[in-house]
Amino acid sequence: MTDFASLGIQVDTTQLKDGADALDKFAATAVPAEAATNKLTSATDILSNALKTLAASWVALKIAEYIKDAAMLNARYETLGVAMVAVGQNVGYTGAQMEAAAQKMQATGISMIESRQAAMQLVQAHIDLSKASGLARVAQDAAVIGNMNSSEAFARLVHGVQSGQVEVLRMIGINVQFEQGYKTMADTLGKNVGQLTENEKTQSRLNQVMERGTDIAGAYEAAMGTAGKQILSMQRYSEDLKVRTGELFNESLTVAVMAWSDQLKGANKE
């Protein structure tokens, strides 16, 4: 005769044993899973720290590059200042007059470095320095026509006046007829064209450029509200900021360069 009470107990006991086995298996698998989770967390922390270190290194590298560029630009600006004074004195201008002309050009959108180069170009081309700011204002409008910054446009204007190349000027909206201008000046001076001096021809070309500049007047102001023109102007802002920032490191750069130069001289002697 079957003991149903005993059978029920046996069944319950079997179920308990199966449940205990299942818990043991779960515990056995949980240990490696926990270890794997800990390893993943550790790897994530290592990766995070590595990325932070990499980012910091990248920032430090970019800062170092910026400082180097700034120091070199300021050194260039300083060198141009010395050269500008020397070139000006050769034709009768004082250092103060040359610097004043450069400052006036900066006020009309010419970069710090380009303004000193432009001052030298003007006196080398035998163009009166008093015309610098007026020519720079023409360059502002011409820059819009030629899709360039004011410094580049000014350099082209000076080159066009100095060389007499009308194509250079037409590319930035200045349409001139130099031969007709020579005739007009010769008539004014009571000469024929062949008797004009080179300085008189240069003055004639400058007069024409200034006159034709009125044809494009206002282009600069109209364009300053556009993103395209602002982007071109940002090049000058960025360069000028580097020149000013580089002044902080100019003395250190000078000392380092002089010391290295002396070492190279000594090595060459040896």
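1. Glu200 is found in helix 8 (helices being DSSP runs of H or I, at least four residues, numbered from the N terminus). The model is predicted: local features need pLDDT of at least 70 and side-chain atom pairs pLDDT 80 or more, while totals for chains, interfaces and linings use all residues. Residues are numbered from 1 along each chain as its sequence is written, and side-chain values use heavy atoms, without hydrogens and water.

2. Glu200 counts as buried because its relative accessibility is 19% (buried means under 20% relative accessible area, with a 1.4 Å probe and protein chains only). Its side chain makes a polar contact with the side chain of Lys191 at 3.0 Å (a pair of N or O atoms within 3.5 Å, one able to donate a hydrogen and the other to accept it). A polar atom of the Glu200 side chain also lies 2.8 Å from the backbone nitrogen of Thr197.

3. The largest nonpolar core has 46 residues (buried Ala, Val, Leu, Ile, Met, Phe, Trp, Tyr and Cys joined through side-chain atoms within 4.5 Å). Among the members touching the most others are Leu122, Leu135, Phe154 and Leu157. Helix 4 (132–146), helix 5 (150–163) and helix 8 (198–212) are among the helices that each supply at least two residues of this core.

4. Leaving aside neighbours within four places in sequence, Leu135 is in contact with residues including Phe154, Leu157 and Val209 (contact means heavy atoms within 4.5 Å).

Definitions and conventions: Buried < 20%, exposed > 50% of the residue type's maximum accessible area, 1.4 Å probe, protein only.
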